[in-house]
Amino acid sequence: LARSYSVRAHPSAEILDDLHWDPTAAGRIHICRSQASPEAGKGAFASTSLAIDEVICHYFGDPTIRLSPREANSPSYASDYVLVIDHLAIDAQDRKTFRILCGAGYINEAFDENLANCIFKRRGNRLVVIATRDIQPGEELLVLYGEQYWRTSRWSLNLLRKAALHYSTATSKQLWSDLIHHAEVQERHKTNPRLADDCLSNVRRTDSLIPILPLKHSWVMNPSSLPSSF
């Protein structure tokens, strides 16, 4: 069996939010600066011991919004906090204030099966966070978002390289290569516009970049992408 690792907050880490406003998460998780990566920002950490298969908290959004999977997958709908599982779609970010509406919205990407310690799952008409192993107090909650979430040009070059390292397969290797090349060109353009000529051929651009761009708008996790043990 693969060995599991954990990401823990420093003992003196400042609690940024105790989530008293989220009744599904209060007393169970809290928010600190993420230890997963510099780009992650805030992260969710266990406040107490959590057992394998335990429901940690719920993933929810504005109850007045009835978002359909088709709407969530529309190119006109842009949000980094849309979760779609088994025909149920929820956006955990307020569309006006951009405030994250649930503690589960702070759970970051693991980029490593050994670091992932929870999973999103549908239970009836709710989306919940389930522990995939025993979690100790102070551990950061990490999940695998899935390849489609990252396979878009809106992410930084560093994040795309991390995602490609974890998610690239034989069939998607060229897609990731072209996407990273495109991000490298954009980085060069920021520092020196005269050196930013994109040398991707028209054929390569047609075959690779166009299928990627429509995936930019949503956080989609399908049952087929979940580990076989669930």
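Biologist: Which residues does Q93 touch, not counting residues up to four places away in sequence?

Modeller: This is a predicted model, in which local features need pLDDT of at least 70, side-chain atom pairs count only at pLDDT 80 or more, and totals for chains, interfaces and linings use all residues. Residues are numbered from 1 along each chain as its sequence is written, and side-chain values use heavy atoms, with hydrogens and water left out. Contact means heavy atoms within 4.5 Å. With residues up to four places away in sequence not counted, Q93 touches S79, Y81, F98, R99, I100 and L101.

Biologist: Is Q93 buried or exposed?

Modeller: Q93 lies in the loop between β5 (88-91) and β6 (108-109); strands are DSSP runs of E, at least two residues, and helices are runs of H or I, at least four, numbered from the N terminus. Buried means under 20% relative accessible area, exposed over 50% and partly exposed in between, with a 1.4 Å probe and protein chains only. Q93 has a relative accessible area of 13%, so Q93 is buried.

Biologist: What kind of aromatic pair do Y59 and F120 form?

Modeller: Rings of Phe, Tyr and Trp (its six-membered ring) pair if their centres lie within 6.5 Å; planes under 30 degrees apart count as stacked, over 60 as edge-to-face and the rest as tilted. By this rule the count comes to seven aromatic pairs. Y59 and F120 are 5.5 Å apart centre to centre, with 80° between the planes, and the pair is edge-to-face.

Biologist: How many residues apart in sequence are the parts that this pair ties together?

Modeller: Y59 is buried at a relative accessible area of 1%, and F120 also counts as buried at 1%. Y59 lies in strand β3 (residues 55-59) and F120 in strand β7 (residues 118-123), so the parts tied together are apart in sequence by 61 residues.

Biologist: Over the ring of which residue does the charged end of R95 sit?

Modeller: A charge sits over a ring if NZ of Lys or CZ of Arg is within 6 Å of the ring centre and within 35 degrees of the ring normal. For R95 the distance is 4.7 Å from the ring centre, and the residue is Y77.

Biologist: How are α3 and α4 oriented to each other?

Modeller: Helix α3 (residues 157-167) and helix α4 (residues 173-191) pack at about 165° with their axes 10 Å apart; axes are lines fitted to C-alpha atoms, for helices over the stretch in contact, and angles run from 0 to 180 degrees between N-to-C directions. Angles under 35 degrees count as roughly parallel, over 145 as roughly antiparallel, 65 to 115 as roughly perpendicular and the rest as oblique. Therefore α3 and α4 are roughly antiparallel.
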